Amino acid sequence: MKTKNKYKLVCGLEIHVELKTASKMFCGCKNDPFGAKKPNIYTCPVCLGLPGALPVPNKKAIEWIIRLGLALKCPINTFSKFDRKHYFYPDLAKGYQISQYDIPFCGPTTLKTTEGIIRINRIHLEEDTGKLLHQTVDGEQASLVDFNRSGVPLIEIVSEADIKSSKQAVEYAKKLRRIIRFLGIADCDMEKGGMRLEANISLKKDNDVSLPNYKVEVKNINSFRYMQKAIEYEIQRQKKILSKGKQPIQETRGFNPQTGKTFSQRQKEGAKDYRYFPDPDLSPIFFTKEQIEEIARDVPELPSDIKKRWIKKYGIRDKCVDRLVKNSEQVKWLEKLFSLAAKKQINPNKLVKAILNKKINCDLTTSVNKALSLFVTQNSKKQLDIRLLEKIVNDVMLLYPAQVEAFRAGKTTLINFFVGQVAKKVGKGVDIQQIRQFFEKKLLKKK
Ligand SMILES: [Zn+2]
């Protein structure tokens, strides 16, 4: 057996997403850490973790995580609570993070990828930490803390270790990002840290049925490409260790985009080290069936379902249409456009192509009627006067006798060159097909 096939990837993802609520998770401070002009301006005793300050949960954030849960077809826990997760780090003012331990808002579900189904274990709500800045102050290296991000609502989506390739990891994460954006609950701006990826990576032998007894966590990856690279690198690194008969150390690693390598950060804490317990400052949260149903009414049809429906209803090719679906308003607009086009017997695929090529504007300020009539005008292209066309074609043929010879000798791809020359002379908006046909006739006739 080839060494190449000896080990299989076992990978799960933890994805953190900052919700874009107006205020933070447990206080009234503005939730805009990236827009803040100065450090530590959106802070109060609660998000600074001062003793005695009492947290109050953000209703919107809870509604939004449930909206996501419902969109992903998670069972929703009608009884839920917040727990304290203890660890010490300078960006965590209280010495614990308010998170959810055993009863998250959203229970298990699955997400389809082209390489198979990924099980999602849970989706829970927590608060983000502050941000450490390492700078030189008065000539000395210093670490500064900015608490503008402290207490920003954060959702965590935890998958099972069902991911079998780095490509599948990317597909899964991208699919989630798309859904989250579509629901309008987060921007998922990865560069700013609004969506952060964490991959748990280990390898097992091809014929092993049980999961490996170690895992390596690569934390805080802020791009899909980096995640793919980090996973690929870890596969190679762990393979080397395993093939020597050893076991990779259970640890947390970072990814360096410059070198394309992961590096050791610290040995992993186990769950018991966090000393989870229910936060006594926050009462448990109960939902009635009616409340959940009310949130469910705000869950829009998801892009994948819209795509399926449009293929069936309007005969649209899937790949193209996928790129147009950005939010619910856009969907409504396109829906009107497609249904009007169907009534007028306009080819929907050509229409989609025109939108994708930005030939017609599909922003919501344009009326559907206007967009469609523009499309119709664009597609009834200017037919050139035959005499004018003949003259231009003759000119081009005189200018490029060698190419004419070559064409007649069989290099038929030169037709594009000729058409291009003519199009250059007559300008935009002409029917390329007309020029092409004319040219072909002319070139072949004189043979
Ligand atoms: Zn605050």
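Which residues of strand S3 (residues 83–86) point one way, and which the other way? In this predicted model, Asp83 and Lys85 point to one side of S3, whereas Arg84 and His86 point the other way. Whichever way they point, Asp83, Lys85, Arg84 and His86 are all buried.

The partners of S3 come next. S3 runs antiparallel to strand S4 (residues 96–99), and four bridges join the two. Within this pairing, Lys85 has Gln97 of S4 as its bridge partner. S3 is also joined to strand S14 (residues 277–278), here by two bridges and again in the antiparallel sense. On that side, Arg84 stands opposite Phe277 of S14.

Another part of the model is an open sheet of eight strands, which can be followed in the order S5-S6-S9-S1-S10-S11-S12-S13 and has mixed pairing. Strand S5 (109–113) and strand S13 (261–267) form the edges; each has a single partner strand, so one side of each is left without a neighbour in the sheet. On average, neighbouring strands of this sheet are turned by 30° against each other, direction ignored.

Helix H1 (residues 59–71) lies across S6 and strand S9 (153–159), and runs at about 175° to S6. H1 also meets helix H4 (residues 289–297): the axes of the two helices come within 9 Å and cross at roughly 75°. Because angles of 65 to 115 degrees count as roughly perpendicular, H1 and H4 are therefore described as roughly perpendicular to each other. Glu63, Ile66, Arg67 and Leu70 of H1 make the contact, together with Ile292, Ile295 and Ala296 of H4.

Finally, a zinc ion can be found in the model, coordinated by the SG atoms of Cys27, Cys29, Cys44 and Cys47 at 2.3 to 2.4 Å. The angles among its four donor atoms are 101 to 116°, and the site is tetrahedral. Along the chain, the donors follow the spacing C-x1-C-x14-C-x2-C. Cys29 and Cys44 link distant parts of the chain: they are 15 residues apart, and each sits in the loop between strand S1 (7–18) and H1. Both Cys29 and Cys44 are buried.

Notes:
Residues numbered from 1 in each chain as written. Predicted model: local features only at pLDDT ≥ 70, side-chain atom pairs only at ≥ 80, totals over all residues. Heavy atoms only, no water. Pairing = 2+ DSSP bridges. Axes fitted to C-alpha atoms, helices over the stretch in contact; angles between N-to-C directions. Contact = heavy atoms within 4.5 Å. Donors = N, O, S within 2.8 Å, 3.2 Å for Na, K, Ca; no water. Tetrahedral: all angles 85-135°; square planar, octahedral: opposite > 155°, others 65-115°. Buried < 20%, exposed > 50% of the residue type's maximum accessible area, 1.4 Å probe, protein only. Parallel < 35°, antiparallel > 145°, perpendicular 65-115°, else oblique.
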